[in-house]
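Dear colleague,

I am handing over the structure below, followed by some notes on what turned up when I went through it. Please read them with the model open beside you.

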Amino acid sequence: MCSLRADQGPPSCRIYPEPHASQIDHFDRLPDSLLLLVFNKIGDVKALGRCCVVSRRFHSLVPQVENVVVRVDCVISDDDSSSSAASSDKSRGPFWNLLRLVFGGIAKPIQTLGQFLGPKRASSGSSSSSGPSSSSPLAVGSEDDGEGGVTHHSPTQVLKNFNEIRLLRIELPSGELGIEDGVLLKWRADFGSTLDNCVILGASSVCHPKSQDDRVDASCGNNGNGDDNGSIPDSFYTNGGLKLRVVWTISSLIAASARHYLLQPIISEHRTLDNLVLTDADGQGVLYMNREQLEELRVKPLSASSASKRTLVPALNMRLWYAPHLELPDGVVLKGATLVAIRPSEQSPTTAKKEASDLSWVSTAFEEPYRTAATMLVKRRTYCLEMNSF
């Protein structure tokens with residue numbers, strides 16, 4: 001291109017280069033469907049929140065994400081965060097309290113997304129009249145400007161602008177049940193408006209092989225229990241073994257019902273959900289709800305326990321399997337291995353008869369190697385128990 005300057009005689013030519021490739025935003029060339037695929041792979045709600053501040057396009061796409069993962073950093077009681085209250089809550093156990101989940105470490109730029117995160121929770125009592133979400137026992141915290149305080153937001157508010165959530169996974173920082181080192185305790189519970197089923201796997205100790213050649217530690221020997229015919233030894237009733245298993249069962253059911261109770265506002269808000277999983281970083285317990293169970297809870301409200309903030313556990317039928325010594329194919333040995341399968345007592349005779357012969361829901365409740373342990377235990381002698389509603 002040439003430009004003519006009258007005061008300098010002959011015209012001069014000036015070349016204007018094409019825009020450099022580094023100045024082109026290649027994300028603008030990607031279709032929305034591909035960006036959504038990437039966001040669904042990210043999943044983490046904090047990372048998605050940071051993505052929202054990158055551009056207006058990202059801000060408009062993030063609410064369409066279908067797979068969302070919420071990782072909780074800490075759990076505090078509803079009363080107070082002071083040391084005295086914390087020590088009192090610890091002695092009572094976390095599932096006895098109205099829990100508040102607090103997410104720390106959220107980047108400050110997220111605070112600029114007022115429309116995305118929702119309104120701040122007021123610290124005064126006036127917030128109690130603002131609707132169900134304001135009274136939610138769950139709270140998300142982000143750093144405040146200034147003195148480094150924490151502003152709390154309900155997860156219901158954090159998730160409310162996600163319009164297309166289909167798979168929601170919430171991960172607590174640890175399991176609710178305090179158990180001694182070396183003790184195994186895992187549970188999985190399926191809920192609709194109430195408990196559908198629960199499977200609990202426990203062992204008084206777990207022994208891992210030191211090497212491939214030395215498969216079993218000498219301290220985990222069979223101790224003469226190899227030929228027990230699947231029966232529970234008399235010592236199980238006299239040395240506190242049965243009492244311990246009852247404590248494990250009740251504690252797991254309380255933890256599961258407390259988790260279920262806390263999910264009500266999220267389930268009501270997000271009607272596109274197909275699956276909801278509430279687990280913990282320790283892998284101790286998993287609460288699972290599929291689309292039919294989620295819809296059941298919306299149509300038929302849960303029955304809350306009058307004693308604490310949790311769903312009422314119905315009267316139950318339980319089946320128990322026990323092995324004093326259970327060696328898995330990989331060499332791991334479970335001592336005092338116990339498997340408990342739980343169903344509500346109120347079932348039709350046809351359903352009860354079908355489930356008595358089909359135990360696939362029990363043996364597939366856990367991931368390996370504990371799925372193999374459950375499969376081995378259900379082949380042993382079955383003991384039936386009953387438990388009243390609580």
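The largest nonpolar core has 57 residues, and those with the most contacts inside it are Phe39, Val68, Leu159, Phe162, Leu168 and Ile342; such a core is a set of buried Ala, Val, Leu, Ile, Met, Phe, Trp, Tyr and Cys residues joined through side-chain atoms within 4.5 Å, where buried means under 20% relative accessible area, exposed over 50% and partly exposed in between, with a 1.4 Å probe and protein chains only. Helix H8 (residues 241-262) gives the most to this core, with six residues. Apart from this core lies another, of 24 residues, which includes Leu184, Leu201, Trp361 and Leu377.

Before going further, please note that this is a predicted model, in which local features need pLDDT of at least 70 and side-chain atom pairs count only at pLDDT 80 or more, while totals for chains, interfaces and linings use all residues. Residues are numbered from 1 along each chain as its sequence is written, and side-chain values use heavy atoms, with hydrogens and water left out.

Overall, the protein has 13 helices and 16 strands, taken as DSSP runs (helices H or I, at least four residues; strands E, at least two) and numbered from the N terminus. Buried residues make up 43% of its 390 residues.

Helix H2 (residues 45-52) is largely enclosed by the rest of the structure, because six of its eight residues are buried, namely Val45, Lys46, Leu48, Gly49, Cys51 and Cys52.

A search of the whole structure finds nine salt bridges, each defined as a side-chain nitrogen of Lys or Arg within 4 Å of a carboxyl oxygen of Asp or Glu. One of them joins Arg57 to Asp32, with the closest N and O atoms 2.7 Å apart, and this pair links helix H3 (residues 56-61) to helix H1 (residues 32-42) across 25 residues. Arg57 is partly exposed at 22% relative accessible area, as is Asp32 at 38%.

Arg259, in contrast, is buried, with a relative accessible area of 2%. Arg259 forms a salt bridge with Glu176, where the closest N and O atoms are 2.6 Å apart, and another with Asp280, where that distance is 2.9 Å. Asp280, in strand S12 (residues 275-280), is buried as well, at 3%.

Finally, one point of backbone geometry: the peptide bond from Glu368 to Pro369 is cis, with omega near 5°, and Pro369 lies in the loop between helix H12 (360-363) and helix H13 (370-377).

With best wishes
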